[in-house]
Amino acid sequence: MKTHYETLSVSKDASQDQIKLAYRKLSKKYHPDVNGGSKDAEKIFLEVQEAYTVLKNKTSREEYDRQLENASHNHDKRKARNTANKQTSESKQAFNIHDMEKNFEQFFGFNPKSKEMQSKSHKGKKNPIDTSDLFERYFNK
């Protein structure tokens with residue numbers, strides 16, 4: 001979205017005189033009487049009018065700057081949140097319904113056919129869902 005500063009082609013730290021000069025130049029250039037009633041020129045002229053109305057008054061300009069800062073801050077937060085969500089979804093392993101043994105191994109930590117632990121990184125570790133001790137204690141075996 002175009003800011004009022006961009007509409008007037010001035011920097012955010014422009015002086016009141018620079019804003020006034022830019023407004024006069026653009027309003028003369030895009031005035032409907034000068035452009036034969038062109039709809040595009042009229043649209044730009046109205047944008048220039050609105051931008052100048054906001055930026056010419058010190059109080060309304062300060063309020064506008066605060067709104068821009070808040071909008072920028074919120075945009076940065078959304079962008080960071082979207083990046084984090086994307087990284088999280090990319091880091092999750094895909095579940096493939098057509099490879100049930102591999103899915104079982106991923107979830108339970110061992111292959112149901114071979115009864116071996118999941119991978120080399122899990123060697124020496126007990127199956128995270130091994131309930132054999134609980135079963136034996138319950139049935140006193």
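1. Buried residues (under 20% relative accessible area with a 1.4 Å probe, protein chains only; exposed is over 50% and partly exposed is in between) make up 19% of the 141 residues in the protein. Keep in mind that this is a predicted model, where local features need pLDDT of at least 70, side-chain atom pairs count only at pLDDT 80 or more, and totals for chains, interfaces and linings use all residues. Numbering starts from 1 along each chain as its sequence is written, and side-chain values use heavy atoms, leaving out hydrogens and water.

2. On to the fold: you'll find six helices and zero strands. Both are DSSP runs numbered from the N terminus, helices being H or I with at least four residues and strands E with at least two.

3. Now the aromatic pairs, meaning rings of Phe, Tyr and Trp (its six-membered ring) with centres within 6.5 Å; planes under 30 degrees apart are stacked, over 60 edge-to-face, and the rest tilted. The count here is two.

4. Take Tyr5 and Tyr64: their ring centres are 6.1 Å apart and the planes sit at 45°, so this pair is tilted. Tyr5 belongs to helix α1 (residues 4-8) and Tyr64 to helix α4 (residues 58-91), so the pair links distant parts of the chain, 59 residues apart. Both of these tyrosines, Tyr5 and Tyr64, are buried.

5. Then there's Tyr23 with Tyr52, which is stacked because the centres are 4.0 Å apart and the planes at 10°. Since Tyr23 is in helix α2 (residues 16-30) and Tyr52 in helix α3 (residues 39-55), the pair ties together parts 29 residues apart in sequence. Tyr23 and Tyr52 are both buried as well.
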